[in-house]
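I opened the model and kept notes as I went. The entries below follow the order of my look-ups.

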Amino acid sequence: MLRLNLTNKPGLQDEKELAKIDLEGLTPGRPPEKQLEVSETLETPDTPAVQPEVLLPPPIEEEKPIQPIDEDLFKLAEANLDLIEQAEQEEFAPKQPSSPPDEPEVKPVKVKQHYPFLRYGLFAAVIVVIIGGLWAYRNGLLTKEKVKETIQVATETVSETVSEQATDLVKMTEGIPDELGEKAGEAMRIVPEAPGQISSRVSDVVQSARSARRVFGPSEIPIEYIQHVQFGHDRLQVAAEVLTQFPVASNLQYLRVKNDKVSFILYVKNEYEAEQIKNYFIGGNRFQTPEVFFIERTGKIADNPVEIMTIVRFNTLAPQDSKGYKYFSDRQLSQYIWQAGIQSKVNMDPLQISNRDVSIIRSAQIVGNGSTANVIQLLNELSSIRDNMGIGVISITSTLYQPLARTLLDYKLSTFIYPNNI
Amino acid sequence: MICISLSEEFVRFGQLINTDGDYTIEIVRKRTLSTPFTPENITNPELSSALQQVFQEIRADLPVPDRYVALALPAEWFDLNRQGVDSGLSRENIEEALNWNAKKRLGPVADQKFIQHYLLQRQGGSDQEYLSVSYFKDLGKLFLNAAQPSGFNIHIMDVNILSAASALERLEQIGSDEKWAVWLVGEQKHSLLVIDSGEFRQLVRFEFSDPENYSILSSTSSDDIGEKVIAGINGIRTFEAEGLSAVDRLYYYSHEVDSEFFNMLLTYDVENMKTIDPFENHKPVYSYEDDGNGVGAMCQFIDLMGLMIRKMPEGV
């Protein structure tokens with residue numbers, strides 16, 4: 001490596017001299033062993049040693065430089081960097097696939113499945129009315145009075161029929177035991193999935209009031225991958241939870257979730273608001289004690305002069321059950337993600353996948369923007385899909401020109417798509 | 001040896017002592033300059049007196065009386081330029097050619113400058129490469145005047161980012177076949193040094209002109225490697241990229257440890273981008289910890305450590 005000494009003579013330097021390591025200057029109490037060649041421009045004339053007690057001012061009490069960051073917290077943050085790297089290595093290390101569980105696959109029963117019977121009943125009734133009308137017309141019965149009379153009778157008849165069918169169906173739905181639900185789910189599994197069905201199922205998963213009663217079948221991806229998907233879901237939930245805590249009038253510079261760490265820079269109205277946010281992180285079990293929580297009145301944004309910079313680790317929630325994690329092809333996955341974007345009313349670019357080889361773990365990106373509420377909804381939507389995609393890093397940024405209530409947040413989710421080599 | 005590293009607002013210093021083969025860092029401290037150390041202030045008498053005062057304060061702080069001084073100064077005080085010379089020329093002709101080139105490059109101010117040329121290790125090609133470094137003679141006078149009242153003799157002067165690279169190369173045991181870079185993170189302007197196969201490749205000054213873009217301010221050559229690294233850094237900054245591919249490793253450090261941007265960088269877990277505590281294995285007897293003692297605070301002394309390492313043989 002080049003070693004400059006700008007006190008040497010001008011012109012071309014002697015590289016051998018520069019590479020030499022000598023002890024000159026390291027033994028201040030002793031006379032120098034060899035006089036080093038130095039530039040006359042910087043050598044102080046050889047004057048008698050200056051007496052410190054005569055010329056020097058008394059030692060000045062060292063001023064503490066401005067340092068609002070909690071030093072101990074930084075120390076902790078830095079000390080834990082090794083742990084972060086270790087966790088990351090473990091997280092993405094290649095894993096051996098495991099055998100699938102033995103339980104039979106069952107699917108939930110959805111109320112929506114019963115609507116076709118009602119529709120068929122209505123169709124049948126309408127056809128009966130039309131045929132009846134034609135018959136009456138041909139037989140000269142279609143005078144104004146008779147039409148009125150016939151329609152009234154037909155309407156009452158159809159209403160009674162449909163009402164009876166609907167009542168029966170509701171009774172049937174209420175009385176369906178779980179075993180029948182499982183059989184229905186199995187039947188659904190046999191039917192090939194069409195893109196349209198995939199889209200509607202995403203919304204079902206999120207919006208179904210019966211989700212607590214859902215029973216999932218065996219998973220189609222190895223358990224090791226499922227854990228990564230679950231960690232990713234946890235990160236999505238944390239990001240959504242943290243975003244929810246920010247005041248709508250605050251300005252967000254960035255929010256980032258990686259591994260088990262959340263960091264963000266946020267500008268709020270006053271120190272009280274900042275303390276409230278701090279209390280959120282130290283108040284519960286979800287987060288560890290913040291490694292850095294830096295609150296400073298910087299005045300960078302006129303309406304929100306107080307800046308918060310935070311690094312905090314979160315506690316990973318206990319894993320959910322590992323059932324029902326489906327392997328989706330790239331096309332299906334894209335449709336699911338896209339549908340989640342539509343549900344959340346965010347702008348979204350098409351899913352970017354790094355590689356075509358479906359037999360390996362591949363990286364992908366979900367990128368777009370949306371209002372704060374919609375981005376929160378997207379994060380929640382994505383965290384509820386039991387798929388073969390794990391969320392690695394969540395980056396959410398804003399332009400700072402607008403508060404959260406009015407700004408568009410840019411989101412970027414770095415993800416991994418896992419193969420189904422079970 | 002008293003090692004002193006200057007940045008715009010601060011003076012960091014330390015003392016290295018060799019006692020019968022044992023190397024000890026006696027003290028590491030930081031003091032504030034009352035007048036900014038910027039090229040615009042080179043003839044400002046207040047800067048001269050601020051340096052005089054801080055040198056005297058340094059002398060008062062030294063555990064062992066000392067006069068031998070090594071300095072590291074910011075890159076913006078120097079003009080650095082790579083130039084190639086045909087092989088086969090005599091030493092005198094090489095020097096003459098380099099001086100001629102440097103004077104052409106510097107123009108009318110060439111006579112006011114102190115110019116040196118350093119041979120770079122050959123990296124293929126028939127030409128021999130040299131790094132020409134120049135600085136205004138007034139800078140030398142400034143330090144001579146500042147050092148005299150304290151009785152200090154300045155024996156070594158280096159560019160701080162190059163000094164930091166020396167420290168990193170040793171402390172991180174970077175292989176001679178690696179391409180790596182050092183990024184001095186500033187509040188507004190930044191410096192990036194690229195080292196390829198153990199040798200200086202390019203020094204670039206740049207700034208982030210807005211939240212999404214960067215601007216190159218100066219460069220020691222037309223090589224595009226520096227800009228590739230900067231584009232990679234910008235990608236990480238704007239969350240477009242997760243890693244760097246232009247170099248094997250990137251080390252960053254800052255003299256502005258309160259900088260919001262620098263503190264944000266510390267939160268990024270990019271695999272081949274990091275900073276270090278230069279004193280992790282060489283603990284000073286008296287260490288400065290007013291900015292904290294984590295790697296984010298201690299990295300500000302990397303270039304100071306580079307000056308010390310010049311006198312410390314391998315393995316110490």
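How many helices and strands does chain B have? I counted eight helices and 14 strands in chain B; helices (H or I, at least four residues) and strands (E, at least two) are DSSP runs, numbered from the N terminus.

**Conventions.** I am working on a predicted model, in which local features need pLDDT of at least 70 and side-chain atom pairs count only at pLDDT 80 or more, while totals for chains, interfaces and linings use all residues. Residues are numbered from 1 along each chain as its sequence is written, and chains are lettered from A and ligands numbered from 1 in the order in which they are written.

**Chain B overall.** I looked up burial and found that 47% of the 316 residues of chain B count as buried. A residue is buried if 20 or more other C-beta atoms lie within 10 Å of its own, exposed if 12 or fewer, and partly exposed in between, with C-beta atoms placed from the backbone. I then took the contacts in chain B between residues at least 6 apart in sequence, and 63% of them join residues at least 24 apart. Two residues are in contact if their C-beta atoms, placed from the backbone, lie within 7 Å.

**The five-stranded sheet.** I traced an open sheet of five strands in chain B, in the order 3-2-1-4-8, with mixed pairing. Strand 3 (22-32) and strand 8 (153-159) of chain B are at the edges with a single partner strand each, so one side of each has no neighbour in the sheet. On average, neighbouring strands of this sheet are turned by 20 degrees against each other, direction ignored. Two strands pair if DSSP finds at least two bridges between them. Strand 1 (residues 2-6) and strand 2 (residues 10-19) of chain B run antiparallel and are joined by five bridges. In this pair I noted Ser5(B) opposite Arg12(B) of strand 2.

**Helix 4 of chain B.** I asked what this helix lies across, and found strand 1, strand 4 (68-73) and strand 8 of chain B, with the helix at about 85 degrees to strand 8. Axes are lines fitted to C-alpha atoms, for helices over the stretch in contact, and angles run from 0 to 180 degrees between N-to-C directions.

I next checked helix 4 of chain B against helix 8 (residues 302-309) of chain B: their axes come within 7 Å and cross at roughly 70 degrees. That makes the two helices roughly perpendicular (angles under 35 degrees count as roughly parallel, over 145 as roughly antiparallel, 65 to 115 as roughly perpendicular and the rest as oblique). Among the residues making the contact are Ile161(B), Ala164(B) and Leu168(B) of helix 4 and Ile302(B), Met305(B) and Ile309(B) of helix 8.

**Ala165(B).** I placed Ala165(B) in helix 4 (residues 160-171) of chain B. Is Ala165(B) buried or exposed? Ala165(B) is buried, because it has 27 C-beta neighbours inside 10 Å. Leaving out residues up to four places away in sequence, I listed Met1(A), Val182(B), Leu193(B) and Ile195(B) as its contacts. The C-alpha atom of Ala165(B) is 9.3 Å from that of Val194(B), 29 residues apart along the chain.

I followed Val194(B) to its place opposite Ala181(B), in strand 10 of chain B. Six of the eight residues of strand 10 (residues 189-196) are buried. Strand 10 pairs antiparallel with strand 9 (residues 179-185) over six bridges, and these two form a hairpin with three residues between them. Strand 10 also pairs antiparallel with strand 11 (residues 199-207), over eight bridges. There I noted Leu192(B) opposite Val204(B) of strand 11. The hairpin of strands 10 and 11 has two residues between the strands, and Ser197(B) takes a positive phi near 50 degrees in it.

**Other positive phi values.** Asn259(A) is in the loop between strand 2 (251-258) and strand 3 (261-268) of chain A, and counts as buried because it has 20 C-beta neighbours inside 10 Å. Lys345(A) has a positive phi near 60 degrees and is in the loop between helix 11 (330-344) and strand 6 (347-348) of chain A. Lys345(A) is partly exposed, with 13 other C-beta atoms within 10 Å.
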